[in-house]
Protein chains: 2
Amino acid sequence: MLILQSPLTRKLSAFVALSDTDLETLARFHRRRRSFLAGHQMIHEGHGTQSAFILADGWACSYKTLPDGERQIVDFQVPGDFLGLRSVLFRTTDHSVEAVTRIEASEVMTSDILDGFANAPRLATAVLWAASRDEAMVVEHLVNLGRRSAEERMAHFLLELGARLQLVGIGDKTGFACPLTQYHLADALGLSAVHVNRVLRHLREEGLVTFQKGRVSFDDFAGLVALSGFDTDYLDQDGPLLR
Amino acid sequence: MLILQSPLTRKLSAFVALSDTDLETLARFHRRRRSFLAGHQMIHEGHGTQSAFILADGWACSYKTLPDGERQIVDFQVPGDFLGLRSVLFRTTDHSVEAVTRIEASEVMTSDILDGFANAPRLATAVLWAASRDEAMVVEHLVNLGRRSAEERMAHFLLELGARLQLVGIGDKTGFACPLTQYHLADALGLSAVHVNRVLRHLREEGLVTFQKGRVSFDDFAGLVALSGFDTDYLDQDGPLLR
DNA sequence: AGGCTGGACTGATCCAGAGCAGCATTTCAC
DNA sequence: GTGAAATGCTGCTCTGGATCAGTCCAGCCT
């Protein structure tokens, strides 16, 4: 065992059996450790970057800003997730990333990634798989915004977060610690903060979920799944076919 | 000149200078020509597939279906676009694809793609670039649903379609031929068909766009851009950095 | 020619969710 | 410890867009 298992290693290992070479290469991605204060804007929309980050601890969110100042959060990143992987391969980013809490992350340079992929092809497919999973999540968020009511949206969102966190060993069936404010939820779900509050209260009163004091508790997991039509298929896709 | 320039070639060439080898490999992708009737479901959510398609003529749409039967259209595909590229690399698809009109397409097998990428690396990056652009469009649709009003959404959507079609030589600044029904628009924009109709009428009365008889005419292009906050950045990103 | 179908269009009604304004509580800076 | 921000919570009003329940028109088929 080279290093203490990182959340990313844990996540990838759940889907692809990584060889020792893969694990060593992955460990090399974790050399430059950096930390950021809560609220720090890590990636700027429209700017070019030469590095991506692997989130080790803390939460971030990626979002786009509209001319009128409003923002739409596209996704949250939790430990084990990549930040700005796509912006490394392309010259400019189409979205920004901001630290929600204080963050510990590993900075990975473009060259590290390309070299790493060259000598650890299995790792490359694993990372591609993770990227594809992120994309599937964005599509699911699109469906969420387009076709579900505020309560269904919220339920679906919390269940998805729960499933993602469980994979990296944070939280379990009963719930998880969650540093998001109701403003974050509003920006992600396309609702007003006031309405988020009401929806949360209603779900709590119905005995479905409780989101208070930085903790989400699933009071009636099956009920939530039924309400939101949550289906983990898009999260649990089989690993890549690519040899 | 090997073959008549396909829409895909045209699109990729606008961003990456393709070599003769690239062009030959690309031409080999076009060997199996197939056609489908309007309304045919080409890719089924949850099923595995061993082939993708390159759209040569006609329109398609990719969508997800909810338990209650409603659907959310994620994106439309126009000539030059790939269908199901991701489902080739991964075992199952998370969405379905349906032909909107009668379609002419080239079927590409997984092996063709992988072999092709191996001996034409520049082509590989070009295709990756196209895939990344598709992803950026999905993100933009997310913002559209989450933060824009019905009219802004419609304006933004029509402008995006116009820009995409222009790139493959269909339509120009003044407008384009569009086979979509108002039901398609409703399913894509998260609105009811009735409301789509009202929004279109209003935009027409304001002298902004006219969508009638299968044709979209931009009556006041600048006005539409201003209304929707349309910014082509996410469509015009520079080509890939990957060598 | 008559009947049928699919899409465009309209008006009336209803409700989910926005916006605003105000208050309570916690957290933090100094 | 005290004032100032954040953050959470609530009641009220108002509106954007959904839903229902149709009409109208242009191809189709037979």
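Student: How many residues of chain A are in contact with chain B?
Tutor: Contact means heavy atoms within 4.5 Å. Here 44 residues of chain A touch 44 residues of chain B. Keep in mind that this is a predicted model, where local features need pLDDT of at least 70, side-chain atom pairs count only at pLDDT 80 or more, and totals for chains, interfaces and linings use all residues. Residues are numbered from 1 along each chain as its sequence is written, chains are lettered from A and ligands numbered from 1 in the order in which they are written, and side-chain values use heavy atoms, leaving out hydrogens and water.

Student: What area is buried between chain A and chain B?
Tutor: Interface size is often given as the accessible area lost when the parts come together. Using a 1.4 Å probe and summing over both parts, about 4,200 Å² is buried between chain A and chain B, with 60% from carbon and sulfur atoms.

Student: How many salt bridges cross that interface?
Tutor: A salt bridge puts a side-chain nitrogen of Lys or Arg within 4 Å of a carboxyl oxygen of Asp or Glu. The rule finds four between chain A and chain B, including B:Glu70 with A:Arg147 at 3.3 Å, N to O.

Student: And which residues come nearest to DNA strand D?
Tutor: Near means a heavy atom within 4 Å. Of the 15 residues around DNA strand D, the nearest are A:Gln182, A:Arg201, B:Leu191, B:Ser192 and B:His195.

Terms used:
Buried area = accessible area lost by both parts, 1.4 Å probe.
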